[in-house]
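Please look over the structure below with its sequence at hand.

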Amino acid sequence: MDTNYLENNYLILVGKVTGEKKFSHEIYGERFYVFNLSIPRLSGNADIIPITVSERIITDEMLKEGNNLLIKGQFRSYNSYENEKNRLVLTVFAKDIEEVKEEDKEQEESEIVKKDATTNEVVLIGYVCKKPIYRQTPFGREIADLLLAVNRAYNKSDYIPTIAWGRNARFCQVLEVGSQVKIIGRVQSRTYEKKHEDGSVEERIAYEVSICSLELVNQGEDSKEPAENQEAV
């Protein structure tokens with residue numbers, strides 16, 4: 001089967017640049033940078049999402065604080081080795097960036113809506129690589145954590161944590177490891193406290209996909225198993 005990896009992992013984000021860009025890494029002479037994009041929620045809060053981008057598709061002017069950007073790309077993961085420990089790092093890998101001028105912002109967002117997209121939408125098709133964890137909050141709200149392996153080109157995979165709610169969470173209970181699913185959701189950030197052995201507490205930020213819709217994908221003989229995880233985006 002000729003896998004279309006862009007269809008397996010596709011997202012569109014519209015938000016404001018926050019903070020300054022930082023150098024990330026270099027591959028074959030091509031430099032990559034990371035910056036944060038603030039994406040508003042309907043609740044009035046905002047998700048702060050890290051964006052990794054090649055120097056070839058950005059300018060310093062484009063990444064000025066407060067600029068509105070439309071980003072198309074993929075939600076990716078890579079392994080970071082710190083203090084002899086392996087940590088999964090998540091980032092949006094930008095394939096295309098457009099600056100949205102303030103006077104054109106409403107019109108631009110209207111055009112996005114007409115295309116059945118939103119200011120924060122991600123589509124993933126991947127494999128369940130751990131048994132989903134289902135639980136209920138003290139108030140009875142149903143939640144399930146689902147780790148998805150999404151194939152990428154060059155025999156690599158991205159490992160994406162996702163979270164389901166309500167009936168989608170209940171449905172996750174019947175999913176087996178290796179099941180192929182398609183999800184549509186949004187990228188979100190949340191803060192949590194990491195307690196260390198010495199008693200100190202560190203505030204960290206986690207990134208995940210909040211699931212809006214979830215469905216099983218028919219698996220035929222040509223279905224491909226998750227590939228190896230990658231070392232760099």
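A residue is called buried under 20% relative accessible area, exposed over 50%, and partly exposed in between, using a 1.4 Å probe and protein chains only. This is a predicted model, in which local features need pLDDT of at least 70 and side-chain atom pairs count only at pLDDT 80 or more, while totals for chains, interfaces and linings use all residues. Residues are numbered from 1 along each chain as its sequence is written, and side-chain values use heavy atoms, with hydrogens and water left out.

V174, at 56% relative accessibility, therefore counts as exposed, and this residue sits in the loop that runs between α3 (166–172) and β10 (180–195); helices (H or I, at least four residues) and strands (E, at least two) are DSSP runs numbered from the N terminus.

Strand β10 is joined to β6 (residues 120–128) by six bridges in an antiparallel arrangement, and β10 also pairs with β11 (residues 201–216), again antiparallel, over 15 bridges; pairing requires that DSSP find at least two bridges between two strands. Within β10, I183 is the bridge partner of L124, and I183 also stands opposite L214 in β11. The hairpin formed by β10 and β11 has five residues between the strands, and G199 in the turn has a positive phi of about 95°.

Setting aside neighbours within four places in sequence, F35 is in contact (heavy atoms within 4.5 Å) with residues including V17, I49, L63 and I97.

Eleven salt bridges are found in the whole structure, each being a side-chain nitrogen of Lys or Arg within 4 Å of a carboxyl oxygen of Asp or Glu.

| Salt bridge | N to O distance |
|---|---|
| R56 and E30 | 3.7 Å |
| R41 and D47 | 2.6 Å |
| R186 and D47 | 3.2 Å |

R186 in strand β10 and D47 in strand β3 are 139 residues apart, so that pair links distant parts of the chain. Through shared partners, salt bridges join R41, D47 and R186 into one network. D47 is buried, with a relative accessible area of 1%, whereas R41 is partly exposed at 28% and R186 is partly exposed at 23%.
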